Amino acid sequence: MKIYRKAISFIIILILLLSIVQGESYDTVEARKYLVRNSYEIINDGSNAVYNLDIKVLAGSDSSSPYQKSLGLSIYPLPANSYTDEWGNIYSVINVKTLMPGEKVDVIIEKTILNSGIAYEESIYKINADYRKFFKSPLNLKYIKPGEKIESDNPQIMAKAFELAETGTTVEKAKKIYDFVNLHIKYDTNSAYANKGALSGLINGRGVCDEYASLFTALCRAAGIPSRVVAGYWIEGDMRENEWTDASSERHAWSEFYLPGEGWIPAEPTFMYTYNGRQVPNEYYFANIRGGDRHFINNYVSSPIKSDIDVQYSYYDSNGTSLKLISGEDSIKLLPEGDSSISRMPLSDIGSNWAASYIQKLYEAGIVFPREGNMYKPGENITRAEFAAYLANAIGLQKGEGNGRYKDVPSENPYAGYIEAASMAGLIQGYKGYYYPENNITRQDAAVIMMRAMKLLNKNREAYFMPYFNDKKAIADYAADAVKVMYDLNIMRGKPNNLFAPKDFTTRAEAAKIIWTFMEDIKRP
């Protein structure tokens, strides 16, 4: 947590000379791309192996705030399943089958976001909101109900809310609440006041950013204005491009209130402002966030608060088993202007591989995934599940719900949605209700699947002559035409000694070359 210790000069230019993107009734200021990394290192410090380890991590939020948009998300190792809770927070569960004594598992979450300052027009002050349509959805009722540390049904909070918000438009009421909280609470990290909630902030007039945010939210809810607490990071001042900033000590909380037709509007009541030596309400952080004071959203505070975990784990417990979280890191990097990539953790094992350029391009595009940690494992054979996922990504198929199309692909399988999408598109086929997702895929079957993808995209190709492979008689009749076309288009060529090796399994390196070359071919008219 941080306190805004310096007085801000009286005249602050919010928009002049800044890059601005026009919104409905707001301007976004200095919109830039950032990479946010959360990493955790967990070690088996016991004397026995740990089995069936499930690691649950908070992967960020599906942001509905106008000053931050999610562009990409990568989690390593690949999670077994992910879900979004009712507050918009994304959680993923990573499964580790066995962790031997002394072994460690590194969990890395990387989010690419577009973050900006924001400044609302004064016209919003004229809006007197009608929330009847908003509250028709039961999911929105939580923004008006009391919660842990947000005691909006407490008589003292209700009385203060009535006093502050008896008259005025919706935004005028929210501004009166903001002014009160901004002046009423004094920043104090004493454990008697810090992280105690809205009622404590009202009674004691002391606390940290949590008290400022929770009291503003509680008073808004008591006044009938939907509000929520945002948890994330506050970084003041300029950041250098392509340099990591340690954000572990920059955890922060602020508030947002909802206005129909406008969405969620930020209110940052923590920062004090002095003029002529006297503290006055800080006008610059209500319905505004300055570009130089970045507010990075990590999650929206839920109720109960104990649901908001960064990382937790469970495993089959027995004598001598023990796990320990030995390190955690929160870092943020400003990406260069014009950067169009979604940055991901570098792959550590492809440097000298013949297919490195194909793998890297597909990986940066989010089409292929590492197999273990940040290792692609190019020499290992690709499974039927992986091949279906990579091809589905390559041609832009939308993931299915993975609701059990095949008996051996349960919904919790991380590839279930891809397998369903590829199957529905006719790219892959099962056998008697089974897909055998962990089986490896032969080279001739890979050729057949790629041929189906071409037909799906209306990119039909013909080849009339089978190359003279020494093993061409080993190519199955059902795959012959596909092998001809793949060879003719340079998508799949032969192996040493003039072999096609139709029944050899396809490696993960070969799969990358196949998919990349296929993607280049379908771009041609």
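This briefing describes the overall build of one protein chain and then some of its individual residues.

The structure is a predicted model, in which local features need a pLDDT of at least 70 and side-chain atom pairs count only at pLDDT 80 or more, while totals for chains, interfaces and linings use all residues. Residues are numbered from 1 along each chain as its sequence is written, and side-chain values use heavy atoms, with hydrogens and water left out. The protein chain has 10 helices and 19 strands, where helices (H or I, at least four residues) and strands (E, at least two) are DSSP runs numbered from the N terminus.

**The chain as a whole**

- Taken along the principal axes, the C-alpha atoms of the protein chain fill a box of roughly 90 × 60 × 45 Å.
- The protein chain has 525 residues, and 52% of them count as buried; buried means under 20% relative accessible area, exposed means over 50%, and partly exposed lies in between, with a 1.4 Å probe and protein chains only.
- Among the contacts in the protein chain with a separation of 6 or more, 75% come from residues 24 or more positions apart, a contact being heavy atoms within 4.5 Å.
- The accessible surface of the protein chain comes to about 24,200 Å², and carbon and sulfur atoms account for 49% of it; such areas come from the Shrake-Rupley method with a 1.4 Å probe, and for residues only the protein chains shown count as cover.
- The protein chain carries 59 positive and 63 negative charges, whose mean positions are 4 Å apart. Lys and Arg count as positive and Asp and Glu as negative, while His and the chain ends are not counted; the place of a charge is taken as NZ of Lys, CZ of Arg, CG of Asp or CD of Glu.

**Salt bridges**

- The structure holds 25 salt bridges, each of them a side-chain nitrogen of Lys or Arg within 4 Å of a carboxyl oxygen of Asp or Glu.
- One of these joins D188 and R206, with the closest N and O atoms 3.4 Å apart. D188 lies in the loop between β8 (186–187) and α3 (198–204) and R206 lies in strand β9 (residues 206–207), so this pair ties together parts that are 18 residues apart in sequence. D188 counts as buried at 18% relative accessibility, whereas R206 is partly exposed at 34%.
- R251 and D330 also meet through their side chains in a salt bridge, at 3.1 Å from N to O. Because R251 is in strand β12 (residues 251–259) and D330 is in strand β19 (residues 323–334), the pair ties together parts that are 79 residues apart in sequence. R251 is partly exposed, with a relative accessible area of 23%, and D330 counts as buried at 7%.
- E510 forms a salt bridge with K495, and here the closest N and O atoms are 3.5 Å apart. E510 belongs to helix α10 (residues 508–522) and K495 to the loop between α9 and α10, so that the pair links distant parts of the chain, 15 residues apart. E510 is buried, with a relative accessible area of 12%, while K495 is partly exposed at 26%.

**Backbone features**

- Most residues other than glycine have a negative phi, and most peptide bonds are trans.
- Y76 and P77 are joined by a cis peptide bond, with omega about -5 degrees, and P77 lies in the loop between β4 (68–76) and β5 (81–84).
- A287 has a positive phi, near 60 degrees, although this residue is not a glycine. A287 sits in the loop between β15 (278–280) and β16 (288–289), and A287 counts as buried at 3% relative accessibility.
- K377, which is not a glycine, has a positive phi of about 60 degrees, and K377 lies in the loop between α5 (356–364) and α6 (384–395).

**Residues at the surface**

- D488 lies in helix α9 (residues 477–488) and is exposed, with a relative accessible area of 52%. Leaving aside neighbours within four places in sequence, D488 is in contact with E462 and A463.
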